[in-house]
Amino acid sequence: MSYLSNFSNTPRTNKKTAPSIINTGKTYEYVDNGEPMRGGMKDVYFGPDKTYVVAFYRDKQDYNSRERLKKLVTTYYDSFFNREGGDYFKELYCWPTDMVEVDGKVGLIVPAYNKNFFFKKGYVTGEGIKGKEKQGLWFASAKFRNKQFSLRLDESELGSWLSYFQVCVKIARGLKRLHAAGLAHSDLSYKNVLVDPVSKSATIIDIDGLVVPGLYPPDVIGTADFIAPEVLATKHLPLRDPDRKHANRTTDLHALAVMIYMYLLYRHPLKGGKVNSLDTEQDDLLSMGEKALFIEHPTDASNRPKLDQLSKWALPWADVTKLPYNVTGPYIKALFDQAFITGLHNPIQRPNADMWEQALLKTTDLMQPCSNKQCDQKWFVFDNTTSPKCPFCGTHIKGTLPVLDLYYEFKPTVWKPENHRLMVYNNQYLFQWHVNRHVVRNEKLTAAQKVPVGYFTYHNHKWVLVNQKLTSLKDLTEDKEIPINTMVDITDGKKLLLSNEEGGRVVVITIANK
Amino acid sequence: MRRLPVYLLLDTSGSMTGEPIEAVKNGVQVMISSLRQNPQAIETAFISIITFDSVAKQVVPLTDLASFQMVDIKATGTTCLGDALKVVSTCIDNEVAKTTAEQKGDWKPLVFIMTDGIPTDDWQSGLEEFKKRKTAYTVACAAGSGADANLLKQITENVVSLDTADSQSIAKFFTWVTASIGVTSTKVEDGGKEVTGLGELPPPPSELNIVT
């Protein structure tokens, strides 16, 4: 819900009451000053203490729509939140809690957004957007972080590059849970996801557009920039035509991939220089639909952005030669390939939300802090070269760099690579999810599993791992147990057994940048 | 990068002297600062101001929201609406990029016209020129009882009227223009919901009457 501002000259404060149509006898107060915030389909009024809003549909809702909304605030609300682990998901969505009706108009009770989703400072200069919602586009566009742009965000609002990986994890998790329940969001876009790189959080809003595949037909085709190519390519067909493609789980996955690409690279993956029609509207429809082509396609360069045709404020991010998508690391690059090359016109090939979550998390293990204090991104993904450097500011890594490759026991005495690597930096932590392959890093982790089991530090001119909680850590190279509260040297070629329990991993150490 | 060009044609004839012209100036300022709070608008919208009295002139060329600076305008002279339509036609030719084989062009422009009186020049010849240009939509606003909504209907089917040309009504109009630009800067890129008329815009505030 992005509300259009209103400039009321005559505030006529008037408290009104709306009765719930779910919970008999329950009512909600709201303030009607005659000038509600107007969304696309709804008029929105604040509750007296602003802890919730009442959002009334301007148009009459038919039976189908009312039933759908009822289900969202009852059955689905309960299955998402009124069960173990439900509290975690409360942060990921702004989910309507009740449904009201006044004069035949249906309204939803929606909790107010958390404080962190409103700008504390906003623009670097002036009041402007202080106190406004942190709609995703503020953080998905290169302009608002360009030092030459007068309407750029204050540095205190931007977070580091690492923050956006965490923000994307939250979005992927939110979508994963929806899909697990058989729901599709149908209109995932930066307008419908609030993000906060400062607290590293994200929340999916406008939940009332949710669709249950097969049960209720989607009533929207989505928001520009995020609509899947097959939906655009068939939108000219009648609504009930069997070939017409509607919003569903796989179109959500297109939107998710676009969103992650934009939050990490601040450019759109399909908006390049290729002209598909001399008619502007037709060109846009083709370029985002039937003829959509990844701007960084490895073998078809025809849609590369033309830098001389772009806003100067879009740089440096618009320059795919300077900052190609592989700066996001091997796991995410592979998923971008799947989303924008193999899966772009083949929806079932698109990576699902869980794959994104895992790839994003694994990539954070490949990240290094940039030693340049002035670096805008502050973190970068190790580029797997012998002379690693920050792709954003060009600063080389100083000193040696331990690289730990994780292995699991495929069968007794046979160890296979996990395709998971942990880059060490000073004060980097080791966690259970590194130690044991049965511990998965996701929202189900217990508080105990989130406590580090050891840490790496550069001590007396050498790298060491300090064991804090590992009961069976063993230096396999020197055949030596490493008890808790002792440390082991991290040297080139060394093998460490992190745990002798079922699922326990071995790490093989390589020292890079020697 | 595709731009969304927005042309505001503002009546600065003598009858606008006093409260109306001040309200227009204020309206433009409030509109710009409000649009500067909308990231979609900042990404795409470019604004130009054309004033018309005894002559029409483009006082602010098509400018992005971050760089936009309003100039002082004064109310004087007659109401050369026809000349304004000619000027906006020329500006569209010169400023709005066409799509070519090598370059993606701009979106079709939005044109808002506000006038409080009857045109004093040969407005039909200006209209003839203007009709040759493609716009996403044109909205004409008849401000106060001195304006002729039915005449404006010949320029565009989208005509709104203000009962009085006082500061409050004019402010409402600019609020609505702001919302329209905001909605359009999002929707115009959406292949599914091409904006072509008033039906797609946010509902006008109660002080605005849509002339049908």
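**Helix packing, sheets and contacts**

Analyst: The crossing of α5(A) and α10(A) is left-handed, and this, like everything that follows, is read from a predicted model.

User: What makes α5(A) and α10(A) roughly antiparallel to each other?

Analyst: Their axes cross at roughly 155° and come within 8 Å. Angles over 145 degrees count as roughly antiparallel, and α5(A) and α10(A) are therefore given that label. On the α5(A) side the contact includes A:Leu162, A:Phe165, A:Cys168 and A:Ala172, and on the α10(A) side it includes A:Trp356, A:Leu360 and A:Leu361. By class, the residues of this contact divide into ten nonpolar, three polar and four charged.

User: How do you know how α5(A) is directed relative to α7(A)?

Analyst: Helix α5 (residues 161-180) and helix α7 (residues 249-265) of chain A pack at an angle of about 175°, with their axes 10 Å apart. Since the label applies to angles over 145 degrees, α5(A) is roughly antiparallel to α7(A). Among the residues that meet are A:Val167, A:Ile171 and A:Leu175 in α5(A), and A:Leu256, A:Met259 and A:Ile260 in α7(A). The contact of α5(A) with α7(A) has eleven nonpolar residues, one polar residue and two charged residues.

User: Why are α3(B) and α4(B) called roughly parallel?

Analyst: Helix α3 (residues 81-95) and helix α4 (residues 123-131) of chain B pack at an angle of about 20°, and their axes are 7 Å apart. The cut-off for roughly parallel is an angle under 35 degrees, so α3(B) and α4(B) are described in that way. Their crossing is left-handed. Residues that meet across it include B:Leu81, B:Leu85 and B:Val88 in α3(B), with B:Trp123, B:Leu127 and B:Phe130 among those in α4(B). In this contact of α3(B) with α4(B), seven residues are nonpolar, five are polar and three are charged.

User: What makes β13 and β18 of chain A edge strands?

Analyst: The strands lie in an open sheet of six, in the order β13-β12-β21-β20-β17-β18 (chain A), with antiparallel pairing. β13 (414-423) and β18 (480-481) each have a single partner strand, so one side of each is left without a neighbour in the sheet.

User: How do you know that β12 and β13 of chain A pair?

Analyst: Two strands pair if there are at least two bridges between them, and seven bridges join strand β12 (residues 401-411) of chain A to β13(A), the two running antiparallel. Within this pair, A:Lys411 stands opposite A:Val414 in β13(A).

User: Which strands are the edges of the five-stranded sheet of chain A, and what packs on that sheet?

Analyst: This open sheet has the order β3-β4-β5-β7-β6 (chain A), with antiparallel pairing, and its edge strands are β3 (37-38) and β6 (98-102), each of which pairs on one side only. Five bridges join β6(A) to strand β7 (residues 105-111) of chain A, and these two strands run antiparallel; here A:Val102 stands opposite A:Lys105 in β7(A). Helix α1 (residues 63-81) of chain A packs on the sheet by touching β6 and β7 of chain A, and its direction makes about 140° with that of β6(A).

User: How many residues do domain 2 and domain 3 of chain A bring to their contact?

Analyst: The domain assignment places domain 2 at 117-364 and domain 3 at 399-512 in chain A, and their C-alpha centres lie 35 Å apart. The contact takes four residues from domain 2 and four residues from domain 3. Helix α10 (residues 353-364) of chain A gives the most to the domain 2 side, with three residues. That side divides into one nonpolar, no polar and three charged residues.

User: Which helix supplies the largest share of the side of chain B that touches chain A?

Analyst: The contact between the chains takes 29 residues from chain B and 38 residues from chain A. On the side of chain B, α1 (19-35), α2 (39-44) and α6 (167-187) each supply at least two residues, and the largest share, six residues, comes from α6(B). The residues of this side divide into ten nonpolar, twelve polar and seven charged.

User: What marks out A:Ser186 in the backbone?

Analyst: A:Ser186 has a positive phi of about 80° although it is not a glycine, and A:Ser186 lies in the loop between α5 and β8 (193-196) of chain A.

Technical notes. Residues are numbered from 1 along each chain as its sequence is written. Chains are lettered from A and ligands numbered from 1 in the order in which they are written. This is a predicted model: local features need pLDDT of at least 70, side-chain atom pairs count only at pLDDT 80 or more; totals for chains, interfaces and linings use all residues. Two residues are in contact if their C-beta atoms, placed from the backbone, lie within 7 Å. Helices (H or I, at least four residues) and strands (E, at least two) are DSSP runs, numbered from the N terminus. Ala, Val, Leu, Ile, Met, Phe, Trp, Tyr, Cys and Pro count as nonpolar, Asp, Glu, Lys and Arg as charged, and the others, Gly among them, as polar. Domain bounds come from an automatic or database domain assignment. Axes are lines fitted to C-alpha atoms, for helices over the stretch in contact, and angles run from 0 to 180 degrees between N-to-C directions. Angles under 35 degrees count as roughly parallel, over 145 as roughly antiparallel, 65 to 115 as roughly perpendicular and the rest as oblique. A crossing is left-handed if the near helix is turned anticlockwise from the far one by less than a right angle, and right-handed if clockwise.
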